[in-house]
Amino acid sequence: MIANYGYKDGSGDFFISIDTDKCIACEDKPCLEACPIKILEKFADDYDDEVVGVKEEHRKKIKYSCAECKPASGERNLACQKVCQPGAIEHSW
Amino acid sequence: MITAGIDVGNKITKALILKDGEILSRAQTPSGFVQKKAARDAFAEALKLAGLREADVAYTMATGAGRNEVTFAQGRITEVGAAARGAIKLYPEARTVIDVGAEEGRALKMDEAGKVIDFAINEKCAAGAGSFVESMSRALEVSLEEMGPLSLKAEKAVPMNAQCAVFAESEVVSLIHARIPKADIAKSIHKAMASRISSMVRRVGLQKEMVMLGGVARNEGFVQALEEDLELKLLIPADYPEYISALGAALAAAEKAGVK
Amino acid sequence: MAEVKEYWRWKEYNWKNPDINWQDAAVITAGIDVGSVSSQAVIMCDGELYAFSNMRTGSDSPNSALNAINWAMADTGLTQKNIHFTVGTGYGRVNVPFADRAITEIACHARGANYMYGPTVRTILDMGGQDCKAIHCNEKGKVISFIMNDKCAAGTGRGMEVFANLLGVSIEEVGERSLQVDEEPGPVSSTCVVFAKTEATGLLRSGWSTEKVLAAYCSAMAHRVVSLLERIGMEEDFAITGGIAKNVGVVSRLEKELGVKALKTRHDTQIAGAIGGALFAKALVEKGKK
């Protein structure tokens with residue numbers, strides 16, 4: 001399943017998409033620790049697979065939560081994406 | 001030399017007359033639905049206050065969301081450019097400017113000459129602008145002017161879940177029903193908005209000194225919440241924070257007219 | 001003080017299938033969808049729709065869930081003891097005290113739409129009171145991808161309610177009225193509901209009719225959700241669920257923009273989540289989870 005967490009508002013589209021089919025096979029899930037503000041969590045989804053998702057409290061503000069990894073200029077540092085071996089994480093913005 | 005800066009904001013239009021770097025007069029009027037008229041009215045009022053006629057003004061520069069409507073201005077400048085010029089004039093040590101108006105929030109980083117290096121804008125969403133506080137004040141049934149002083153009396157803040165102004169209104173109503181004191185709700189509202197503005201500031205980098213301007217800078221409750229979030233003291237031109245972009249435009253006008 | 005007319009208010013109701021006798025059923029399950037604006041309870045007998053209720057969510061979610069199930073059971077002779085398994089779903093799913101399990105509204109909507117529209121449904125757009133979801137699913141109603149927007153009121157029923165109130169038009173009439181224009185206006189340019197309200201006030205003042213403003217808003221709402229569908233990959237058949245599915249002004253403009261017709265259903269489009277919940281409940285009973 002490709003789960004898109006985040007939102008669209010007047011200022012743009014802000015989604016983190018996680019391909020949970022790739023995520024299931026990943027044992028360590030290093031993305032959880034890599035995120036500097038720990039917005040990701042591990043949980044059992046509706047089909048009882050253990051996958052990663054964005055924590056509820058960050059879903060409506062990821063533009064703000066992820067701001068530090070995305071400076072207005074200079075290098076983006078998407079730590080979650082870098083450590084994800086299966087390549088399951090994408091950011092829409 | 002006399003120049004004018006006209007800042008046509010989404011809600012309020014400001015006009016400012018400048019003579020050799022000194023502010024002669026300031027005037028404002030609601031932008032309404034015909035911005036061209038608002039710009040005319042504000043300009044006429046400012047001229048009257050300064051005891052001048054339009055012919056006395058060497059150059060008029062427009063800025064703000066409706067700057068293209070100011071057909072009588074000779075030049076136009078972006079909001080970011082105007083804010084930086086105005087801020088550096090008042091505070092030469094400033095390197096970051098936070099400008100929060102009715103419908104937009106902006107953060108910019110500049111060099112010692114007031115040249116903009118970097119900026120971030122929060123637009124087209126009421127959650128990151130003055131409209132948010134205004135919507136919440138209606139839900140709280142207090143006037144917009146009272147929001148700041150009320151917020152300063154708060155004992156604690158409660159977390160606000162809704163990010164959208166429309167949803168947050170319902171949340172405020174349920175907080176009132178839950179008998180949370182209005183002061184605490186006001187503080188929570190300012191805190192929620194401050195965290196959005198501060199994340200925008202962090203995107204351009206926290207660089208001292210920081211100036212806050214725009215109409216929302218008059219709201220001491222919001223200023224307190226933002227200072228707490230950023231953990232520093234903001235420089236605020238308290239008498240006329242909403243006129244700094246108009247000042248910047250008038251300064252830019254003087255530069256243009258000087259070259260001419 | 002004169003009573004303030006509540007233009008946003010829609011009718012609450014319940015329904016019972018006269019062709020089913022629950023005493024004959026082997027498995028009776030329930031799905032309760034507690035949304036932020038509306039709540040539905042669905043009761044299914046051996047996987048067939050038996051009864052449901054559709055009402056406004058109160059300020060207290062546990063009560064909303066109980067009120068909904070009680071109203072669905074009204075005049076059936078059923079009591080909660082007769083129900084083998086109950087699934088709670090929706091925004092208030094953790095607040096259904098008598099549910100045996102909570103399942104997300106995404107999974108439930110896909111499952112429910114599969115029942116309501118048949119197994120050919122691949123894309124479901126759910127336009128609810130406080131969120132908008134686009135779901136891509138397989139022939140079994142299992143989710144392949146989803147996107148959900150519950151941060152912003154634009155594109156939700158709540159946003160439409162704000163407009164209905166502003167213009168003094170009953171929420172149930174908004175769709176029809178929006179089609180009563182000689183020429184289709186361009187969409188309202190502001191996405192944000194707060195700013196769109198200001199824009200609409202300006203349009204009315206400049207002489208636009210109420211119908212024309214409604215048309216511009218319905219069209220903006222349709223345009224907005226198209227990008228959500230594009231993000232998950234739009235595949236036919238296509239179905240729309242939720243309260244906005246009843247708004248012909250949004251639906252017809254959305255179909256036009258997508259170049260695709262939405263499937264019709266004889267069921268109430270607001271009960272997809274609760275139906276899905278009741279179907280999950282049935283599967284869980286069969287798996288021996290209770």
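## Close-up views of domains, chains and a pocket

**View 1. Salt bridges join the two domains of chain B.** Across the interface of domain 1 of chain B and domain 2 of chain B, the rule finds 3 salt bridges (a side-chain nitrogen of Lys or Arg within 4 Å of a carboxyl oxygen of Asp or Glu). Look for Arg218(B), which forms a salt bridge with Glu242(B), their closest N and O atoms being 2.9 Å apart. This is a predicted model, in which local features need pLDDT of at least 70 and side-chain atom pairs count only at pLDDT 80 or more, while totals for chains, interfaces and linings use all residues. Residues are numbered from 1 along each chain as its sequence is written, chains are lettered from A and ligands numbered from 1 in the order in which they are written, and side-chain values use heavy atoms, leaving out hydrogens and water.

**View 2. Chain B is divided into domain 1 and domain 2.** Domain 1 covers 1–91 + 241–260, and domain 2 covers 93–234; such bounds come from an automatic or database domain assignment. Taken over C-alpha atoms, the centres of these two domains of chain B are separated by 26 Å. Their contact (heavy atoms within 4.5 Å) takes 14 residues from domain 1 of chain B and 24 residues from domain 2 of chain B. Between them the two domains bury about 1500 Å², with 69% of it on carbon and sulfur atoms; buried area is the accessible area (1.4 Å probe) that two parts lose on being put together, summed over both.

**View 3. The second largest pocket draws on both domains of chain B.** At least three lining residues come from each of domain 1 and domain 2 of chain B. A pocket is an open set of points on a 1 Å grid over the protein atoms alone, where a 1.4 Å probe fits, with protein on both sides within 12 Å along at least five of seven lines; lining residues have an atom within 4 Å of a point. The second largest pocket has 36 lining residues, and Ile12(B), Gly101(B), Ala102(B), Gly215(B) and Val216(B) lie nearest its centre. Among the elements of chain B that give two or more residues to this lining are strand S1 (2–8), strand S6 (96–100) and helix H4 (144–152). H3(B) gives the most, with 4 residues; helices (H or I, at least four residues) and strands (E, at least two) are DSSP runs, numbered from the N terminus.

**View 4. Chain A meets chain C.** Here 18 residues of chain A are in contact with 24 residues of chain C. About 1900 Å² is buried between chain A and chain C, and carbon and sulfur atoms give 51% of that area. On the chain A side, Lys8(A), Asp46(A) and Tyr47(A) lose the most area to chain C, together 35% of what that side buries. The rule finds 3 salt bridges across this interface of chain A and chain C. Asp48(A) forms a salt bridge with Arg101(C), the closest N and O atoms being 3.2 Å apart.

**View 5. Chain C has two domains of its own.** They are domain 1 (13–116 + 270–286) and domain 2 (122–262), with centres 27 Å apart over C-alpha atoms. The two domains of chain C bury about 1300 Å² between them, 64% of it on carbon and sulfur atoms. In domain 1 of chain C, Ile106(C), His109(C) and Gln270(C) lose the most area to domain 2 of chain C, together 40% of what that side buries. The rule finds 1 salt bridge across this interface of the chain C domains. In chain C, Arg56(C) forms a salt bridge with Glu161(C), with the closest N and O atoms 3.4 Å apart.
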